[in-house]
Amino acid sequence: MGQPNLDKLRQELRRGTLVLAVLAQLREEHYGYSLRKALHDHGLAVEEGTLYPLIRRLESQGLLDSQWREESNRRKRFYHLSDTGHAVLDALARDWADMNGCLKSLLKGAGT
Amino acid sequence: MKWITAYLNEVGRHLDPATSEGVLEELRVSLEEAARDIASGNDPSETQQKQAINAFGHPMKVASEFNGPRYLIGPLWFGTHLSTLKIVTAIVVSISIGLLLTVYVTDGQTTSVLRSLTGVLDTALTAAVVVTIVFIVLGASAEQIDPYVDWTADKLSLRGAQPLWRVSVGDQLFNLASEVIFLLWWNGAIVFTNVFPTLEGDIPIALGPVWQALYWPLNVLVAGYLLLHVSIVVRCVWSRVTLWAEIALGLVLLVACAWVLLHPPLVVLAGDASAAGSLPHRLAIAFVIVIAGLTLWDLGSAARKLFGRDGNAGMGTITSP
């Protein structure tokens with residue numbers, strides 16, 4: 001398989017899991033850049049062009065609450081999980097665990 | 001940080017104005033912090049600003065991520081829109097060319113080739129625009145009424161369980177063009193050179209008397225073919241009815257070909273025909289045989305589809321087990 005295809009498939013694979021990662025990370029309050037750094041510190045490098053629109057979408061879906069606040073003489077928008085967000089995160093985390101079990105079983109012997 | 005400001009202005013040009021202010025303010029914080037991190041906490045240089053910008057990517061791409069997917073027609077209708085566009089444009093262009101030819105021949109009206117082509121192109125573009133507007137409206141309505149939510153298998157018709165015999169649009173357009181040209185010529189709307197070139201000079205030729213008896217039968221037969229092929233091109237699939245119609249018309253055409261071949265001469269040469277020998281007559285026979293052969297091929301292809309012996313998996317056949 002050519003590298004461009006592999007990159008595209010990886011991108012698709014990560015896109016679905018990114019929502020879960022962002023929700024999990026936003027149990028603590030973050031602004032955009034600090035969230036990106038936190039995800040990076042956990043080994044998940046996310047493009048800014050993907051992360052910021054995603055946060056906005058999650059907020060418009062009611063999964064995040066946000067607040068403009070001043071920090072280090074700069075106005076920043078801080079995000080954290082809303083009550084709905086907490087419930088959704090719990091549900092998605094359970095789904096992820098189930099899916100992970102399935103995939104482990106499917107991938108057994110696949111040379112991974 | 002002028003490079004960051006320039007970049008944000010570019011992104012802002014493509015953003016939804018309702019949300020752009022907040023988005024840009026948030027992006028500015030992130031870009032400036034990223035640039036400062038690259039500069040290890042110091043004021044970033046121009047190169048360091050550009051490094052931070054590069055991590056974000058093309059302004060239009062970033063803006064499109066914020067705006068979300070926006071469609072004029074939408075992926076749901078795209079395939080149907082494209083095929084309708086092709087069919088309508090092909091039909092409109094064929095009719096326009098047919099009309100132009102008829103006007104030239106019957107009225108002797110002369111127009112430059114460029115002007116004629118511009119006219120045909122203009123008609124085709126108008127048709128394409130109308131089709132596109134219809135689909136934009138359809139796409140917008142479908143988005144509002146969302147007909148897919150209420151869909152169940154009860155809405156299927158068993159008529160759709162018959163094999164799906166796909167049509168080669170190229171073949172059918174060739175058929176349509178041939179049939180239109182034949183009808184125009186057969187009825188005298190267009191005239192081809194009616195001389196046979198020989199070493200002694202051109203000899204005028206004409207159709208033999210056998211064809212006179214076929215004037216109306218061939219008009220009806222080819223008009224029938226024309227209607228059949230227009231309906232096939234519009235529907236894009238063969239049905240049992242159209243396959244049977246193709247077979248019936250093919251059989252009639254084969255009978256007509258056989259009848260013509262049994263009643264020579266097919267062409268008549270003016271004056272002393274001995275100079276040309278029987279070559280024009282033999283050429284006419286060969287032409288009729290080729291037509292009969294092509295008809296036989298189409299007839300066999302239709303029969304194979306109907307009776308399930310066609311290896312037409314490559315034509316997109318879908319059959320129920």
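Guide: Two strands pair if DSSP finds at least two bridges between them, and strands (E, at least two residues) and helices (H or I, at least four) are DSSP runs, numbered from the N terminus. This is a predicted model, where local features need pLDDT of at least 70 and side-chain atom pairs pLDDT 80 or more, while totals for chains, interfaces and linings use all residues. Residues are numbered from 1 along each chain as its sequence is written, and chains are lettered from A in the order in which they are written.

Visitor: How do you know that S3(B) and strand S5 of chain B pair?
Guide: DSSP gives 3 bridges between S3(B) and S5 (residues 267-269), in the antiparallel sense. The cut-off is at least two, so they count as paired. Ile205(B) has Leu269(B) as its bridge partner in S5(B).

Visitor: What makes strand S2 of chain B a partner of S3(B)?
Guide: S2 (residues 195-198) and S3(B) share 4 antiparallel bridges. Phe196(B), for instance, is bridged to Ile203(B) in S3(B). A hairpin through 2 residues joins S2(B) to S3(B).

Visitor: Why is S3(B) said to lie largely in the open?
Guide: A residue is buried if 20 or more other C-beta atoms, placed from the backbone, lie within 10 Å of its own. Of the 7 residues of S3 (residues 201-207), the number buried is 0, so the strand lies largely in the open.

Visitor: What makes up the contact between the chains, and how many residues does each give?
Guide: Chain A and chain B give 14 residues each, where contact asks for C-beta atoms, placed from the backbone, within 7 Å. On the chain B side, H2(B) gives the most, with 7 residues.

Terms used:
Contact = placed C-beta atoms within 7 Å. Buried ≥ 20, exposed ≤ 12 C-beta atoms within 10 Å, placed from the backbone.
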